[in-house]
Amino acid sequence: MITRYALFEGTNKPGQTEAFRAAVMAEILPRWKEFPGALDVRVSFAEARHDGAPEYPMILAINYPDLAAVDAALASPVRTQARAATESVLSRFFDGRIHHHVTLANEFSL
């Protein structure tokens, strides 16, 4: 299985933490779940940024069966729509950006 992560670097705009989280769940997550080949899409939030808090207050992770499925998802028009939804939410509620994407192969042994 392959997991692709989008790491969100920055902070919520003052007083916008709950609105940001609600917009992520309503506007961003459904778009990323439409990626072809996606087995699972999940988002995790860090608590309010403070000294010692995680560097990335939000991480979006998508599991794929293999690298071919990742390539197909990245070439899909769904990606453009998902990025537009993401950028819209970020501009309204978040001071920051998608820092970068990381693709990792997960190995399991039984």
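**Briefing: strands, helices and core**

Ile2 stands opposite Tyr64 in strand β3. This is a predicted model, in which local features need pLDDT of at least 70, side-chain atom pairs count only at pLDDT 80 or more, and totals for chains, interfaces and linings use all residues. Residues are numbered from 1 along each chain as its sequence is written, and side-chain values use heavy atoms, with hydrogens and water left out.

**Overall layout**

- The protein chain has three helices and four strands. Helices (H or I, at least four residues) and strands (E, at least two) are DSSP runs, numbered from the N terminus.
- Along the sequence, the pattern is β-α-β-β-α-α-β.
- Of the chain's 110 residues, 35% count as buried. Buried means under 20% relative accessible area, exposed over 50%, and partly exposed in between (1.4 Å probe, protein chains only).
- Take the contacts (heavy atoms within 4.5 Å) between residues at least 6 apart in sequence: 78% join residues at least 24 apart.

**Strand β3 and its partners**

- Strand β3 covers residues 58-64, and six of its seven residues are buried.
- Strand β1 (residues 2-12) pairs with β3 in the antiparallel sense, over seven bridges. Two strands pair if DSSP finds at least two bridges between them.
- Strand β2 (residues 40-45) also pairs with β3 in the antiparallel sense, over six bridges.
- Asp40 has Asn63 of β3 as its bridge partner.

**Helices α1 and α3**

- The axes of α1 (residues 17-33) and α3 (residues 77-93) come within 9 Å and cross at roughly 175 degrees. Axes are lines fitted to C-alpha atoms, for helices over the stretch in contact, and angles run from 0 to 180 degrees between N-to-C directions.
- The two helices, α1 and α3, are therefore roughly antiparallel to each other. Angles under 35 degrees count as roughly parallel, over 145 as roughly antiparallel, 65 to 115 as roughly perpendicular and the rest as oblique.
- Residues of α1 in this contact include Phe20, Ile28 and Trp32, and those of α3 include Val78, Leu90 and Phe93.

**Nonpolar core**

- The largest nonpolar core has 26 residues. Such a core is a set of buried Ala, Val, Leu, Ile, Met, Phe, Trp, Tyr and Cys residues joined through side-chain atoms within 4.5 Å.
- Helix α1 gives the largest share, six residues.
- Phe8, Phe20, Trp32, Phe35, Leu60 and Tyr64 have the most contacts inside this core.
- Phe8 touches Met58, Leu60, Leu90 and Ile98, among others, not counting residues up to four places away in sequence.
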